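Dear colleague,

Please find below the sequence and structure that I am handing over to you. A summary of what was found follows directly after them.

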Amino acid sequence: MTQRPSRDSSDPPSAQDNPAEIDLTDDDILEAMHEIPGYLDITTMDFRAVYRLAHRHAIDRLFSGITAGRLMRREVSPLTPEIPLVEAIPSFVHQGLKSLPVVDGQRRVLGILTETDVLRWLGAETFLGLLARVIMDDSCIKSEQHHRPVGEFMTSPVVSVPLDAGLRELLAAFAGHPGRAMPVISADGRLAGLLLRKVFLSAYHPDRRSWV
């Protein structure tokens, strides 16, 4: 099962919706107005509204090229809920990922399995925590646990985004969950790729956008 972020990109702008917007105080605005020669027939509230709208337009212009489909990793081999843990973990390693979508036979996303899910299921908060347990007691992980199916401990529902999701929708989606990645869904509801949080943040950072 997948769920879309609840925030609608068509909502009116607010300080929270506009990325990196500085929250101006009345004193900031009045000081700025005093530096402009002549009489300004505008209130601090009007000035703030103009600033927010201008900032929103500038962000839309600067980041118009950012979409989930453009940033996502296309080469992803997903898991299925029946795969046992002993087969799922090597798939993480081979693909160099810490999150993998879980799909049905039609590549529709049912959930996502993360490194955190696996560690939590094994009774540890971190990899070092698990390693400490194993060092203290190498029998703490029972062999029968290796054969439990992925569907028992995957995260579901999972937050996903469509291929054409832009900056605001991606910000809302990543703000809605702590995971390192989320599935990208095609128009027919099937898995199209995986968007990594670190890739999105790199693209969102203006100093690192040359490669996008």
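I begin with the second largest pocket, which has a volume of about 220 Å³; please bear in mind throughout that this is a predicted model. Its lining consists of Ile89, Phe92, Leu97, Lys98, Glu115, Val118, Leu119, Leu122, Phe127 and Leu130. Helices α4 (85-95), α5 and α6 (127-136) are the elements that each give two or more residues to this lining, and α5 supplies the largest share, three residues. By residue class, the lining of the second largest pocket comprises eight nonpolar and two charged residues, with no polar ones.

The largest pocket has a volume of about 320 Å³. It is lined by 17 residues, of which Thr114, His177, Pro178, Gly179 and Arg180 are the closest to its centre. Two or more lining residues come from each of β3 (109-114), α5 (115-121), β4 (158-159) and β6 (181-185). Here too the largest share, three residues, is that of α5. The lining of the largest pocket divides into seven nonpolar, seven polar and three charged residues.

Thr114 deserves a separate note. This residue lies in strand β3 and is among those closest to the centre of the largest pocket. Its relative accessibility is 14%, and Thr114 therefore counts as buried, the cut-off being under 20%. Beyond its neighbours within four places in sequence, Thr114 is in contact with Phe92, Lys98 and Ser99.

Turning to helix packing, the axes of helix α1 (residues 26-34) and helix α2 (residues 44-62) come within 10 Å and cross at roughly 95°. Angles of 65 to 115 degrees count as roughly perpendicular, and α1 and α2 are therefore roughly perpendicular to each other. On the α1 side the contact involves Asp26, Ile29 and Leu30, which meet Thr44, Phe47 and Arg48 of α2. The residues of this contact are three nonpolar, one polar and two charged. The spacing within such contacts follows a general rule: an α-helix has 3.6 residues a turn, so residues three or four places apart point the same way.

Seven of its nine residues are buried, so α7 is largely enclosed by the rest of the structure. The buried residues of α7 are Leu167, Arg168, Glu169, Leu170, Ala172, Ala173 and Phe174.

Ala165 lies in the loop between β5 (161-162) and α7. Ala165 is buried, with a relative accessible area of 0%. Leaving out residues up to four places away in sequence, Ala165 touches Ile66, Thr67, Ala68 and Leu170; Leu170 is itself one of the buried residues of α7. The C-alpha atoms of Ala165 and Gly69 are separated by 7.7 Å, although the two residues are 96 apart along the chain.

Finally, some totals for the chain as a whole. Its secondary structure comes to eight helices and seven strands. Of its 212 residues, 38% count as buried. Among contacts between residues at least 6 apart in sequence, 60% join residues at least 24 apart.

With kind regards

Definitions and conventions
Residues are numbered from 1 along each chain as its sequence is written. This is a predicted model: local features need pLDDT of at least 70, side-chain atom pairs count only at pLDDT 80 or more; totals for chains, interfaces and linings use all residues. Side-chain values use heavy atoms; hydrogens and water are left out. Axes are lines fitted to C-alpha atoms, for helices over the stretch in contact, and angles run from 0 to 180 degrees between N-to-C directions. Helices (H or I, at least four residues) and strands (E, at least two) are DSSP runs, numbered from the N terminus. Angles under 35 degrees count as roughly parallel, over 145 as roughly antiparallel, 65 to 115 as roughly perpendicular and the rest as oblique. Contact means heavy atoms within 4.5 Å. Ala, Val, Leu, Ile, Met, Phe, Trp, Tyr, Cys and Pro count as nonpolar, Asp, Glu, Lys and Arg as charged, and the others, Gly among them, as polar. Buried means under 20% relative accessible area, exposed over 50%, partly exposed in between (1.4 Å probe, protein chains only). On a 1 Å grid over the protein atoms alone, a cavity is a set of points where a 1.4 Å probe fits but cannot get out, and a pocket is an open set with protein on both sides within 12 Å along at least five of seven lines; lining residues have an atom within 4 Å of a point. Grid points are joined across faces, edges and corners, and a volume is the space filled by probe spheres set on the points.
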